[in-house]
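Visitor: I am new to this structure and would be grateful for a guided reading of its features. May we take them one at a time?

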Amino acid sequence: MHVEPQVFEVLLYLVRHRNRVVGKDELYEQVWNGRIVSEATLISRISAARKAIGDSGERQTYLRTIARRGFRFCGAVEERILQSAAEEVLTNLPARATSFLGRERETADVMALLSNVRLLTLTGVGGVGKTRLAIQVADRVASKHPDGAWLIEFAALTDPGAVGHAVAGVLGVTQRPGRSIEQSVMDALRGRHLLLVFDNCEHLIETIASLVQQIMANCPHVTVFATSREALAIDGEQTWPVAPLDVEGTGSPAVQLFVERARAVAPRFSLGDDDAVVTEICRRLDGIPLAIELAAARMQAISPSQLRERLDERFRLLSGGLRRGIERHQTLWHAVQWSYDLLSPPERAVLAWASVFAGGFMLEAAEAVRAAGDDTLDLLDALVRKSLVTVERSGGVVRYGMLETIRQFGEAQCAAMGGSEAARFRHAQYFAGDSDAHFKIWLSPLQRDAYEWLDREMGNLRVAFRWAKEHGEIDIAGRIASNIGDMARFRVRDEAANWASEIVNAARAMRHRRLAVLLTWAASSAWSFARMDEARRYALEAIALAGSSDFDPFAWAFTDLAMVASYEGKVEEAVATADAGAGHAADRLDRFCLAMRPYFLSVAGRDAEAMAAAEESLNRVEATGVPASISIALWAKGKAFAAAAPTVALTAFDRGLAVANESGNRFWETMIIFEIAALQARVGHPVSALQSFKKMLSVGRRSTELMFISHGLGNLIVLFARLGRADEAATLNGTLSKTFEHNPFVPDLAETLTRLRDVLGSARFDAANRLGAAMALHEMYEYAIEQVEQALATTS
């Protein structure tokens, strides 16, 4: 039978404390968190609890009332922990920071509806509580979805083209060669069983509706749970209008919310004789949670009666007989307008300028965008206290933010002041400078700080880059794209890694000082999508600029050109190119090319030279203190020593993995684990190798990075052949060979394939190859994971 959540909480508390009498005040405190609740409410919950356990008769066998003392549970109890309760639920849903009031019945109803439909949209006016309800429901049903429940927040996005990237970023999906980001998301989701929570869809509704329609058509086991001010209006959609909170009486959810939020700013606040006043305030605010919270925040400075008087003045504008839906919107708007009217002119200006930020901001950024006065901190503090700006503290970092409804209101005020374009320019200019500083940090021992900055500021960087590009501010756009580049790639953020390709032509036309860096990132993006001719052109152009004083010196393009040559089977050309890069003056800062040089020697089969080069260069690379270069040098050393001295190689790989992990370099962490798995297989530890491959295949299936495929899949083919799984190895080779004409990165691969053809016979080998070649990339990953699991079950 269905039991209301609050009834269950009462019963659970009494069961847990069954060895004693539990008083009414204790239940009020523990179940209702001290909120004002009538005795009739408590008695009704006790009665419902008795009914739920079949104890509703006169004798009260299990749940007894102890006169003038309280209640006691007297039945025998057997406690069990269900296996499913112990399992970790995959989710990024945020933990609740405040209580969830007045939605118990609605939560249960939405949960029931969500179990029967694949697309459910919560609709309603901004601030009515759609997001809170969605997260509450999603949290309760997450365990029913094997691949988890994932929240994608669109509030900070302004560019429709970024919608697919936002979804991909949360799910860890990267764009596949020859596929759009939306198609890549479809490929990744097609076989998954998960719940997607799409929050704040209204401002990008056409793009999001199109994406959801594709998900509904292509991903049969995915459920989409959306919040929006209007329906997505596509086939199969079920909508649920989220109503305002009940406002009738002092025990109503709206009044309870007001009291709780008022106590958060004024701990001694109580209704007292103001119960009717507060009830009227909540009624005039239409029971909209955001409006109630904004009003309650004023209890720190004014009384409920003074608050009601100000609402009367402001809400007189709404008595003109407008349609109900519009009236609710205007009520919320004027609740925010009213709060805005209470601000001083400088506070209003800061609120307006702050609306240009996406995903939060630091004090320094706010000062730069405001560009006036030295009292920004004081003004932000005032706005925090007035509940118009939020603040988060993490690891000593203080970050400000705004509710989306407040941000949109501030955006309108900024436009009304005539300052939007100026604010946007200063925002973009600030983040160009901030990215300049963090590029230097990235090429220093403090690399992890740069990655954490990138994670925090991705929304602002996106907005700044897009605005600058669209408004012809090429210097700003070029600086942001050049500074992010491989910082984003090594953090596995493909969207930002590809910005250089979008701006490089405009930057070339103006001879942008960062052109060599932009060309290098454009080359990296091109070969990572198997566009080798394009990559070669960009790399050669970057190398030609490396010695010019007109451009910032940068030598990484030599390694891009060497990678292109390697993928084309020109391994000696790759070595010569790497040698040229390692000897270039521009490589002295970070020694990136020098770190890569032993790797290219190893790929060319010049193992003795590779080992000598690895030993000779490691100290010079470590002297730079740049974690990316150090982890690459250790990876290259492991590759060089893998055949002749596996113990030395494993030590190098382990050290490189530690450096990559500690510095936040997800790309090279993944690459090194692939090599550790291959080495484990080579030295006779197949179970460890299979476990490592399983872990990294799970990561790899969210990426289209060619190095993951060429190095990881190639080594897995060799391992399967050694384990006698010839058909599986030949099948995976079908996928690998259709992607690469040459693959010199796995030394044993060519010999392994020859042996597989002999073992299987040409007809059977070719048939398995055709099967693998017909697989899409995500299908190959799923097949490989399945085969690894089967191998683990039979390998000792």
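Visitor: To begin, does Trp556 count as buried or exposed?

Guide: First, a word on the source: this is a predicted model, in which local features need pLDDT of at least 70, side-chain atom pairs count only at pLDDT 80 or more, and totals for chains, interfaces and linings use all residues. Residues are numbered from 1 along each chain as its sequence is written, and side-chain values use heavy atoms, with hydrogens and water left out. Buried means under 20% relative accessible area, exposed over 50%, and partly exposed in between, with a 1.4 Å probe and protein chains only. Trp556 has 3% relative accessibility and therefore counts as buried.

Visitor: How is a pair of aromatic rings described?

Guide: It is described by the distance of the centres and the angle of the planes. Here, rings of Phe, Tyr and Trp (its six-membered ring) pair if their centres lie within 6.5 Å; planes under 30 degrees apart count as stacked, over 60 as edge-to-face and the rest as tilted. The structure holds 29 aromatic pairs. In one of them, the ring centres of Phe490 and Trp668 are 6.3 Å apart and the planes stand at 75 degrees, so the pair is edge-to-face. Phe490 belongs to helix H21 (residues 474-490) and Trp668 to helix H32 (residues 666-682), so this pair ties together parts that are 178 residues apart in sequence. Both Phe490 and Trp668 are buried. As for the naming, helices (H or I, at least four residues) and strands (E, at least two) are DSSP runs, numbered from the N terminus.

Visitor: Which type of pair do the rings of Trp521 and Trp556 form?

Guide: Their centres are 5.6 Å apart and their planes at 80 degrees, so this pair is edge-to-face. It links distant parts of the chain, 35 residues apart: Trp521 is in helix H24 (residues 515-528), while Trp556 is in the loop between helix H25 (532-545) and helix H26 (557-567). Trp521, at 1% relative accessibility, counts as buried.

Visitor: Where does the charged end of Arg514 sit?

Guide: A charge sits over a ring if NZ of Lys or CZ of Arg is within 6 Å of the ring centre and within 35 degrees of the ring normal. The charged end of Arg514 is placed over the ring of Phe439, 4.4 Å from its centre. Lys637, in turn, lies over the face of Phe641, at 5.9 Å from the ring centre.

Visitor: How many disulfides does the structure hold?

Guide: A disulfide is a covalent bond between the sulfur atoms of two cysteines. The criterion is a pair of cysteine sulfur atoms within 2.5 Å, and the structure holds zero disulfides. Cys593 is buried, with a relative accessible area of 1%.

Visitor: What is the order of the strands in the open sheet of five strands?

Guide: Strands of a sheet pair through backbone hydrogen bonds, either parallel or antiparallel. Two strands are taken to pair if DSSP finds at least two bridges between them. The order in this sheet is S4-S5-S6-S3-S7, with parallel pairing. Strand S4 (149-153) and strand S7 (238-241) are the edge strands, each pairing on one side only. Strand S5 (residues 194-199) is joined to strand S6 (residues 222-228) by five bridges, and Phe198 has Ala226 in S6 as its bridge partner.

Visitor: How do S8 and S9 lie relative to each other, parallel or antiparallel?

Guide: Strand S8 and strand S9 (residues 397-401) run antiparallel, joined by five bridges. They form a hairpin with two residues between them, and Gly395 in the turn has a positive phi of about 60 degrees. Val391 stands opposite Tyr400 in S9. Of the five residues of S8 (residues 390-394), zero are buried, so the strand lies largely in the open.

Visitor: How many of the eight residues of helix H12 are buried?

Guide: Seven of the eight residues of H12 (residues 289-296) are buried, so the helix is largely enclosed by the rest of the structure. Among them are Pro289, Leu290 and Ile292.

Visitor: Finally, which residues does Ser631 touch?

Guide: Contact means heavy atoms within 4.5 Å. Leaving aside neighbours within four places in sequence, Ser631 is in contact with Gly656, Val659, Ala660, Trp668 and Ile672. Ser631 lies in helix H30 (residues 627-641) and is buried, with a relative accessible area of 0%.
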